[in-house]
Amino acid sequence: MAHYDWATLYEKLESCTDCGLCKGRTNVVIGVGNPQSKIMLIGEGPGRDEDIQGYPFVGAAGQLLDKMLAAIGLKREQVYICNIVKCRPPQNRVPEADERAACMDYLRQQVALVRPKVIVCLGSTPTRALLGEQMRITRDRGVWQLKKGVWFMPTYHPAALLRDADKKRPAWADFQAIRDKLIELNAYPKTEAD
């Protein structure tokens, strides 16, 4: 795998035609936040709002994610947020295996550039793509996984919390564990006051 800098990665993604998702996109949705953050949050793929604006997690689920981050003292600008696939699947369906595979090298490049200590897998798709197809979000959420020196936390996607309020309490417990892990690793983002 050749290593890209951010400019090269953006250039490659903006012209990407590696899978069929490129045909329906308005914008490639690469990522947002602090590219030197020690925490990276990875979702499934862009929805309609994200495709229009070109940024991940800007719709209702994104607003809830912002509140979840705020509850553990973090702002969107202090973390790095992206998705497994960078183009919107039709009707927001789950990205297919070939679409995920086409984007994995780009995601690996993002991880290599950000160099996080903690990766939060938001939902089933990133959990299975990054930790193995045998993973099940309902069974494995909230359990830390150490892989290649990086701590992974599978948790519910904010959209799932909007559909099922019963998932909010376990997701809150996961986010508290994320905050505690960042503090333990001396990786909790500093604020201007620090």
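Hi everyone, let's start with Lys 86, which lies in the loop between strand E3 (80-83) and helix H4 (97-114). Helices (H or I, at least four residues) and strands (E, at least two) are DSSP runs here, numbered from the N terminus. Before going on, a word on the source: this is a predicted model, where local features need pLDDT of at least 70 and side-chain atom pairs count only at pLDDT 80 or more, while totals for chains, interfaces and linings use all residues. Residues are numbered from 1 along each chain as its sequence is written, and side-chain values use heavy atoms, with hydrogens and water left out.

Back to Lys 86. Is this residue buried or exposed? Lys 86 is buried, and buried means under 20% relative accessible area, exposed over 50%, partly exposed in between (1.4 Å probe, protein chains only).

What does sit by the polar end of Lys 86? The backbone oxygen of Asn 83 lies 2.5 Å from a polar atom of the Lys 86 side chain. Leaving out residues up to four places away in sequence, Lys 86 touches a set of residues including Leu 13, Val 29, Pro 46, Cys 103 and Tyr 106; contact means heavy atoms within 4.5 Å.

That list brings us to Cys 103, which lies in helix H4. Cys 103 counts as buried because its relative accessibility is 7%. Apart from neighbours within four places in sequence, Cys 103 is in contact with Ile 84, Val 85 and Lys 86.

Now the sheet. Six strands form an open sheet in the order E1-E3-E2-E4-E6-E5, with mixed pairing. Its edge strands are E1 (32-33) and E5, each pairing on one side only. Two strands pair if DSSP finds at least two bridges between them.

Let's walk across it. Strand E2 (residues 39-43) runs parallel to E3, joined by four bridges, and Leu 41 has Ile 81 in E3 as its bridge partner. Strand E4 (residues 118-122) and E6 are also parallel, with five bridges, and here Ile 119 stands opposite Phe 152. Strand E5 (residues 145-147) pairs with E6 in the antiparallel sense over three bridges, with Leu 146 opposite Trp 151. As for E6 itself (residues 150-155), five of its six residues are buried.

The E5 and E6 hairpin has two residues between the strands, and Lys 148 there takes a positive phi near 50°. Lys 148 is exposed, with a relative accessible area of 81%. Arg 115, in the loop between H4 and E4, has a positive phi as well, near 55°. Most residues other than glycine have a negative phi. Arg 115 is exposed too, at 62% relative accessible area.

Last stop, helix H5 (residues 124-131), which lies across E2, E4, E5 and E6 and runs at about 130° to E4. Axes are lines fitted to C-alpha atoms, for helices over the stretch in contact, and angles run from 0 to 180 degrees between N-to-C directions. Which residues of H5 are buried? They are Thr 125, Pro 126, Thr 127, Leu 130 and Leu 131. The buried residues of H5 pack against E2, H4, E4, helix H6 (137-140), E5 and E6. Gly 132 follows H5, with a positive phi near 120°. Thanks, everyone!

Methods. Lys, Arg positive; Asp, Glu negative; His and termini not counted. Salt bridge = Lys/Arg side-chain N within 4 Å of Asp/Glu carboxyl O. Polar contact = N/O pair within 3.5 Å; in protein donor to acceptor, adjacent residues only side chain to side chain.
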